[in-house]
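Hi everyone, thanks for making time for this. I'd like to walk you through one structure, so let's get it up on the screen.

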Amino acid sequence: MASSIFILTVVFLLISRSHAQPTCATQKFTNNERYDRCIDLPELGSYLHWSLDVAKDKVDIVFIAPPATPGGWVSWAINPTGDGMVGSQSLIAYAAANGSMVVDTYNVSSYGAVVKGKLDFDVTDMKADNSDGVMRIFATVELPEKGQTVVNQVWQVGGSVTDGGVPVRHDFQPGNLGSKGSLDLLSGEISGGGNRNSKTKKRNIHGILNAVSWGILFPVGIMIARYLRAFPAADPAWFYLHGSLQVSAYAIGVAGWGTGMKLGSESKGVKYFVHRNIGIALFCLATLQVLALFLRPKVGHKFRFYWNIYHHGTGYAVITLGILNVFKGLEILSPSSKWKLAYITIISSLGIIAFVLEAFTWIVVFKRKSVKVTKPNGDARRQSSAA
């Protein structure tokens with residue numbers, strides 16, 4: 001009985017999922033036009049319908065996508081010279097101030113502000129509409145080369161348009177960065193999408209390495225030095241444990257930092273200035289912190305006081321910047337909410353443990369001070385009675 005209920009539940013969920021996620025084959029147009037082929041594009045919830053006229057080197061297209069916000073824009077483009085945004089010949093649709101839909105052509109020459117202008121090939125019968133939360137671009141496009149049947153396509157969505165009708169730069173999330181690839185107009189096969197999968201993997205590796213190093217291991221290492229050293233029985237084990245954790249965290253952090261720098265060099269036009277600058281500061285401070293192991297004066301040395309200030313100050317700065325940058329990275333990666341919740345849970349648990357240990361450590365310190373104060377009086381009483 002239980003297995004039957006389970007199977008029925010799975011079937012119900014699969015049916016619900018299929019209805020919740022429409023495909024291009026289910027889409028219809030108000031003018032009842034039909035197109036020879038259609039595909040569900042792999043990013044941004046977008047679709048493309050088209051009919052190819054081989055004899056005339058023309059293709060009738062309908063691009064369908066939800067804008068990033070209700071006041072946003074959608075775009076479909078062919079790039080005759082590359083596989084990315086730069087060089088793409090774009091059709092961009094948006095809602096004008098009076099509510100009517102506008103579709104214009106843009107020759108995208110850089111990652112800066114796009115400029116309206118004539119394309120390198122002819123486009124006719126352009127129009128657009130907006131209903132049911134999606135925008136549609138209709139057009140007849142003359143293919144850039146005679147006999148061409150494979151094109152590099154780029155599609156995109158944005159969140160707003162200026163008063164002058166200029167689309168504002170789109171987000172640089174994985175979906176936005178992966179919305180490109182080649183399209184075979186004869187077979188309907190799509191491929192490419194840049195190296196999104198590779199970059200996404202590198203971004204995830206970068207995030208995991210930095211979260212583990214700056215966001216977890218460094219705080220744990222400092223907690224060990226802060227609280228275990230209060231117990232004489234833990235000496236010198238706390239020092240070696242503290243040192244090994246900090247060196248390990250530094251090695252992992254440098255690997256994450258290097259991956260981030262590599263990603264930055266490969267992502268022209270994609271800049272996360274605050275996250276990058278905090279990462280550079282972290283690398284420099286953590287390097288100073290590791291060097292402190294080799295520059296540590298002996299206890300009682302005249303420079304030991306200044307070394308303590310330098311070592312403790314740098315350590316707490318690394319913790320603060322590390323945790324801050326982990327959250328900055330989570331904002332950029334936008335992973336499933338469970339990952340952010342998991343990190344919040346870990347760092348909150350460490351905070352609670354540190355609070356409890358801090359209170360316990362101060363109790364131990366005060367008890368030791370009270371013992372030191374009472375010992376001379378006890379010695380005096382013993383001497384007096386002996387006399």
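Let me begin with what lines the largest pocket: 23 nonpolar residues, 13 polar and 4 charged. Please keep in mind that this is a predicted model. The pocket has a volume of about 1,100 Å³. If you want to find its centre, look for R203, H206, G207, H275 and L333, the closest of the 40 lining residues. Helix 3 (196-227), helix 4, helix 5 (273-294), helix 6 (304-333) and helix 7 (337-386) each give two or more residues to this lining, and helix 3 has the largest share, with 11.

Now over to the second largest pocket, at about 750 Å³.

One residue I'd like you to zoom in on is H242, in helix 4 (residues 237-266). Is H242 buried or exposed? With a relative accessible area of 6%, it falls under the 20% cut-off, so H242 counts as buried. Its side chain reaches the backbone oxygen of G221 at 2.7 Å. Beyond its close sequence neighbours, within four places, H242 is also in contact with I222, I224, A225 and H311.

Last stop, the largest nonpolar core, which has 29 residues. L48, I61, F63 and V141 touch the most other members. Strands supplying at least two residues each include strand 2 (47-53) and strand 3 (58-65). A second, separate core of 15 residues includes A249, Y250, L282 and V318.

Thanks, all!

Conventions: Residues are numbered from 1 along each chain as its sequence is written. This is a predicted model: local features need pLDDT of at least 70, side-chain atom pairs count only at pLDDT 80 or more; totals for chains, interfaces and linings use all residues. Side-chain values use heavy atoms; hydrogens and water are left out. Helices (H or I, at least four residues) and strands (E, at least two) are DSSP runs, numbered from the N terminus. Buried means under 20% relative accessible area, exposed over 50%, partly exposed in between (1.4 Å probe, protein chains only). A polar contact is a pair of N or O atoms within 3.5 Å; within protein, one must be able to donate a hydrogen and the other to accept it, and residues adjacent in sequence count only if both atoms are side-chain atoms. Contact means heavy atoms within 4.5 Å. A nonpolar core is a set of buried Ala, Val, Leu, Ile, Met, Phe, Trp, Tyr and Cys residues joined through side-chain atoms within 4.5 Å. On a 1 Å grid over the protein atoms alone, a cavity is a set of points where a 1.4 Å probe fits but cannot get out, and a pocket is an open set with protein on both sides within 12 Å along at least five of seven lines; lining residues have an atom within 4 Å of a point. Grid points are joined across faces, edges and corners, and a volume is the space filled by probe spheres set on the points. Ala, Val, Leu, Ile, Met, Phe, Trp, Tyr, Cys and Pro count as nonpolar, Asp, Glu, Lys and Arg as charged, and the others, Gly among them, as polar.
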